[in-house]
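Q: I'm new to this one and would like to learn how to read it. Could we go through it feature by feature?

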Amino acid sequence: REHRKGDSATMRRYELALHFFLLFKIVMKESSNLINSVILTLLIVHLRAEKISFRSYLLYLAIPLCFLSLDLLHNDYAIYSVLVMTLLSAGVHVVFPIPKLPPTCSPVGTSFLSWNTEMKWKKMDGSLNSESRKINVRVWYPASNIPSGSKCAAYYPPFEYSAHVEDYFVSDPIHFALIQTHSYLDVPLAKTSGKLPVVVFTHGQESLPENHTVMMEKLASEGFVVFGIYHNDLMKQYPGPLTFRILELKATINKIIELDADINSIFYRKFLLKNGIAIHGQSLGGATSVFSSTNHTLSEHLKDLPIACCSCTDPWLHIVGSEIQVTKPLLIIKSEHWLSRESDHEKIASLVKGRSAQVSIVTANNTWHYNFGDMVYKLWSPLGIWVFPRKWRTESDLTTPMLGEKGVE
C-alpha cells in the first residue's frame, strides 16, 4: 500500500514552458525573434537542468519543424502537422509521468561497496573449484545531520553495478534516472543509543536492488541497515546462478561482520549481530532466501554465519527440492497471481511438512508478481489500467491460503 501513496509529475517546469510557448507560436502563427529566442533558451536550459528524456523526443523534433514551417515555408499543412506533433508530445508526458516515491519518516543514507573475494564450491565429481569474483553491494541506512548541499542519490546505480541487467528490466534508464530518491549519498550514520538490525536483500532474476527502492528506504527510515546485493545472473556456466547467489550472500554477510569490527567504518560496532541477520528476497531472490533457511547442500556455505530468519515474496520454488527441511524461521508472502503455479503449492507443502522451524505463509489478495517492487504499473503509467486485469488493480489485503497443512500460520 505504500506504493499507492506515491505521486507523479506529468511535466517538469521547462518541459511545460516549452510546450506552452511552442503551442503559442503555432496557434498565433508568431514568428518574432523574441518568441524564437525564448523557445531556444528554454530548450538549452531544459537539456542542461532536466536532462534528455524519451518523453520529449517528439518535442525535440517539433521545435525545428515549427521554425521551418512558420518562419521559412509558411505552409499551413506543415504547421498543422507540427501542432499535432506537439499535442502528441504532451500526451506522451501524461501517459509516462515521472514517478514520485513515497516520502520517508526520517533521513536515509546510502552508499556503494565493492570488493573482491575468493569463491569456492564443489564440482559434480566432488573436487573443489575456486574463482576470484567482484562483489557489488548497495547499503541503505538511517542517517542524521545531513550536511548542507548534500544531494539524493540517483534512482539507478552507476553502469558497473547494472551492466548485467537485460533491457526488458531497464527499458529506459534515462527516464527512470529522472526519479528522485530520498537517500543521501555517503552521509553520516544516525546517532543511536542501541545497535541496528541488519537485513540482506537478494533481488529477482536479472533485476536490481533499486527496483525495490521504496521498501529499502522505508526499512532504513525505520532503523534497519539494508544490504542489497547486485547478483550477476548472466553467469551461465556451471554451477549456475543460484550457487553463485548463495556464495555472494556468504561474502556479503562476512563483509557485514568485517564492517562491524572495522574501527574506520561508519558501521563500527553498530550492527545488532547478536540476534542475527535477516535475509529477504524477491522471486529468484526469494528462492535464495528459502535455500538460506533450509538444510540443502547449498546452505552449507552459510552454516557458520549468524542468519536469524528468512523471508521472501513470490519465491521461485520449482528449483527447490522436496527433500529439504526448513531449519530457520521462514516467512513466505505470495501474490494471488503466484497462486496459479501449482508446482509452488507442492513445494510449499513439502517445506511445511519437513520443517523443524516456524514457517509462516500469507497471500496478498488482488496482487500480482511485480506488486512487490517499484515496477508496479500504477507507479509508472496510467496505461496499466488497460494492460493488467482489473482484479490486480484493487486494494490489497493479507490472508492465509488454504493449504490444508496443520500448523501453518
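Q: Let's start on the surface: is Phe 20 buried or exposed?
A: Buried means under 20% relative accessible area, exposed means over 50%, and partly exposed is in between (1.4 Å probe, protein chains only). Phe 20 has a relative accessible area of 52%, so Phe 20 is exposed. Phe 20 sits in helix 1, residues 13-27; helices (H or I, at least four residues) and strands (E, at least two) are DSSP runs, numbered from the N terminus.

Q: How do I read the pLDDT of the chain?
A: It's the predictor's confidence in each residue, from 0 to 100. The chain averages 79, and 76% of the residues score at least 70. Over residues 1-7 the pLDDT is below 50, and this stretch has 21 contacts beyond near neighbours in sequence; a contact means heavy atoms within 4.5 Å. Residues 390-409 are also below 50, with 54 such contacts in the model. Where pLDDT is low, the predicted coordinates should not be read in detail.

Q: What is the secondary structure, and how many residues are buried?
A: The chain has twelve helices and 13 strands. Buried residues make up 51% of its 409 residues.

Q: Which residues touch the most others in the largest nonpolar core?
A: In soluble globular proteins, nonpolar side chains tend to be buried together. A nonpolar core is a set of buried Ala, Val, Leu, Ile, Met, Phe, Trp, Tyr and Cys residues joined through side-chain atoms within 4.5 Å. The largest one here has 46 residues, and Phe 227 and Phe 271 touch the most other members. Helix 8 (residues 241-261) gives the largest share, nine residues. Leaving aside neighbours within four places in sequence, the contacts of Phe 271 include Val 225, Phe 227 and Ile 256. A second, separate core has 18 residues, among them Ile 39 and Tyr 60.

Q: How many salt bridges are there?
A: Side chains of opposite charge can pair when their charged atoms come close. A salt bridge is a side-chain nitrogen of Lys or Arg within 4 Å of a carboxyl oxygen of Asp or Glu, and the whole structure has five. In one of them, Glu 15 pairs with Arg 55, the closest N and O atoms being 2.8 Å apart. Both Glu 15 and Arg 55 are buried.

Q: What does the bridge between Arg 138 and Glu 210 tie together?
A: Their side chains meet at 2.8 Å, N to O. Arg 138 is in strand 4 and Glu 210 in the loop between strand 7 (198-202) and helix 7 (213-221), so the pair ties together parts 72 residues apart in sequence. Arg 138 is buried, with a relative accessible area of 1%, and Glu 210, at 0%, counts as buried too.

Conventions. Residues numbered from 1 in each chain as written. Predicted model: local features only at pLDDT ≥ 70, side-chain atom pairs only at ≥ 80, totals over all residues. Heavy atoms only, no water.
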